[in-house]
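Biologist: I would like to learn how to read helix packing and sheet order in a model like this one. Could you take me through it, step by step?

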Amino acid sequence: MYNCGITGSSGRLGINITKKVNFRFNIFKGDISKKKQVDTWVKKNNFDIIIHLAAIVPTYKVEENYLYSKKVNYYGTKYLIDSIVKYKKKPKLFFFSSSSHVYKVTKKLKKIKETEKTIPVSLYGKTKLMAENYIKKKLKKNNINYCVGRIFSFTDKHQDKSFLVPSLFIKIKNCKSEINLKDLNHYRDFLIISDVSKAIEILCKK
């Protein structure tokens, strides 16, 4: 069984992964934006795999406090990567959960491909792309396998009501006559959270 270090285990995806994926999980319980706490966790453990999920996610929260979000999403990732290199840890794989927000759609009804040029569409996407670039630069140089998963929209019944699908359920439940939806002239992919967890498990095992 793989010994897997995981950050962000208290988020919806992290909770699902630790429940559904058959790894031995070592959970990071500190503050990812605190370098000393990250160093301590990495130094005392040897991981086969690291799944890095810790992040400030809702776009409105990132916009409300960009400096703190950058500290978590970018610098938190940087501290983790720097610790892996510093203490000469070599996991079989470092998995980083990124986002579709690293892409900017220039034409309506255009489906995004992985090969599209990365131009962040939001401040959240900007922090994720910064983290991606640091991972690629540092881990490639140190011959450590990494995988960047640019996860698009997923849904879970316990998701915060600010996300689209839970908000739709609330509107339907409270609807007395009709529901008016705006800005629907584009594509959106929605995955069930368990499918995302399964995909990450398959990628890690490969």
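Predicted model: local features only at pLDDT ≥ 70, side-chain atom pairs only at ≥ 80, totals over all residues.

Biologist: At what angle do helix 2 and helix 4 pack?

Modeller: Helix 2 (residues 35-43) packs against helix 4 at about 40°, and their axes are 9 Å apart. The two helices are therefore oblique to each other. Their crossing is right-handed.

Biologist: Which residues of helix 2 and helix 4 meet there?

Modeller: From helix 2 come Lys35, Val38, Asp39, Trp41 and Val42, and from helix 4 come Tyr79, Leu80, Ser83, Ile84 and Lys86. Sorted by class, this contact has 6 nonpolar, 1 polar and 3 charged residues.

Biologist: Now helix 4 and helix 5: at what angle do their axes cross?

Modeller: The axes of helix 4 (residues 66-86) and helix 5 (residues 123-141) cross at roughly 10° and come within 9 Å. That angle makes helix 4 roughly parallel to helix 5. Here too you can read the hand of the crossing, which is right-handed.

Biologist: Which residues meet between helix 4 and helix 5?

Modeller: On the helix 4 side they include Tyr66, Tyr74, Ile81 and Val85, and on the helix 5 side they include Leu123, Met130, Tyr134 and Leu139. The contact as a whole has 11 nonpolar, 3 polar and 5 charged residues.

Biologist: Let us turn to the sheet. What should I know about pairing in general?

Modeller: Strands of a sheet pair through backbone hydrogen bonds, either parallel or antiparallel.

Biologist: What is the strand order in this sheet, and is the pairing parallel or antiparallel?

Modeller: The sheet is open, has 5 strands in the order 2-1-3-4-5, and pairs in the parallel sense. At its edges are strand 2 (24-27) and strand 5 (146-151), each pairing on one side only. From one strand to the next, the twist averages 20°.

Biologist: How many bridges join strand 1 and strand 3?

Modeller: Strand 1 (residues 3-7) and strand 3 (residues 49-52) are paired in parallel over 4 bridges. To find your place in that pair, look for Cys4, which stands opposite Ile49 in strand 3. Helix 1 (residues 12-20) packs on the sheet, where it touches strand 1, strand 2, strand 3 and strand 5, and its direction makes about 165° with that of strand 1.

Biologist: How do helix 1 and helix 7 cross?

Modeller: The axes of helix 1 and helix 7 (residues 193-205) cross at roughly 60° and come within 9 Å. This crossing is right-handed. Arg12, Leu13, Asn16 and Ile17 of helix 1 make the contact with Ile193, Ser194, Val196, Ser197 and Ile200 of helix 7. By class, these are 5 nonpolar, 3 polar and 1 charged.

Biologist: And which residue forms a salt bridge with Arg12?

Modeller: Arg12 forms a salt bridge with Asp156, and their closest N and O atoms are 3.1 Å apart. Arg12 lies in helix 1, while Asp156 is 144 residues away in the loop between strand 6 (153-155) and helix 6 (164-174), so the pair links distant parts of the chain. The structure holds 9 salt bridges.

Methods: Residues numbered from 1 in each chain as written. Heavy atoms only, no water. Pairing = 2+ DSSP bridges. Axes fitted to C-alpha atoms, helices over the stretch in contact; angles between N-to-C directions. Contact = heavy atoms within 4.5 Å. Parallel < 35°, antiparallel > 145°, perpendicular 65-115°, else oblique. Left-handed = near helix turned anticlockwise from the far one by under 90°. Nonpolar A, V, L, I, M, F, W, Y, C, P; charged D, E, K, R; others polar. Salt bridge = Lys/Arg side-chain N within 4 Å of Asp/Glu carboxyl O.
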